[in-house]
Amino acid sequence: RDPEMSRGLGDVYKRQITRNIAYTMIGMVTGTVLLCWFLNSTFLESFYTVNKENALLEGFHTIDKAVINDTFESDEFDIAFERICSNGNISILVLSPDAQVLRSSAGNSEKLKNQFYGALYESSNKHASEVIKTTDNYIIEKQQDSRLEADYLVLWGTLEDGNLVLMRTALASIKESVMIANEFLAYVAVMATVCCAILAIFVSRRITGPVSYTHLRAHE
């Protein structure tokens, strides 16, 4: 056969393999990124909400344990209380049965108390709150603060000594985190596609070099 024709067929065969490898690799990367985006958009906010709920419960049990062990007023618990507030980004207010502030995460405890009372009043609105968990000792709700236009996870609980503990953490940061994560995935998808295309060309040349040579020899 004509060597030029065989060489041309070899080049065509080489380009076909290159395209197939590139399409396969790019498709796999794109599919993986899209799957991650779907899982991130669908489940990440719920996962964060569960983590926030666990942080509230852990803080509640830590405070209740301090009450039981009679260390609620100790300097050691001061550090533990600050750790609960800072690590979980949680606002906490502990009140006596006559509404006296016993502990507060805010410098202006009266302002925080008014915010909690406002949230408690709004929680009677079914459109502004959603009960997530209820026990004999506490209630966890997802609330919408119409004044601040923000969502919160709120725990209302009764400690072992009869005092009331109010805890609240914002959910706005969670939604923002999901948006940031999706935006980051978009950049990753673009970079991964470009890198994948370059890698596909390199790999296909390594593979199709011997293949095209064998194909050419077979037609000589």
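First, the ground rules. Numbering starts from 1 along each chain as its sequence is written, and side-chain values use heavy atoms, with hydrogens and water left out. The model is predicted: local features need pLDDT of at least 70, side-chain atom pairs count only at pLDDT 80 or more, and totals for chains, interfaces and linings use all residues.

Start with helix H2, residues 75-88. Helices here are DSSP runs of H or I, at least four residues, and strands are runs of E, at least two, numbered from the N terminus.

Now its faces. Phe77, Ala80, Phe81, Ile84, Cys85 and Gly88 are buried. They sit on the same side of H2, because they cover an arc of only 135° around the axis, taken from the directions from the helix axis to the C-beta atoms. On the other side, Asp75, Glu76, Ile79, Glu82, Ser86 and Asn87 are exposed. Buried means under 20% relative accessible area, exposed over 50%, partly exposed in between (1.4 Å probe, protein chains only).

Next, the loops. Asparagine 89 is partly exposed, at 48%. Alanine 99 lies between S1 and strand S2 (101-104). Alanine 99 also has a positive phi, about 70°. Its relative accessible area is 26%, so partly exposed.

Last, leucine 35. Leucine 35 is in helix H1 (residues 3-68) and is partly exposed, at 48%.

Notes
The expected span of a helix is 1.5 Å times one less than its number of residues.
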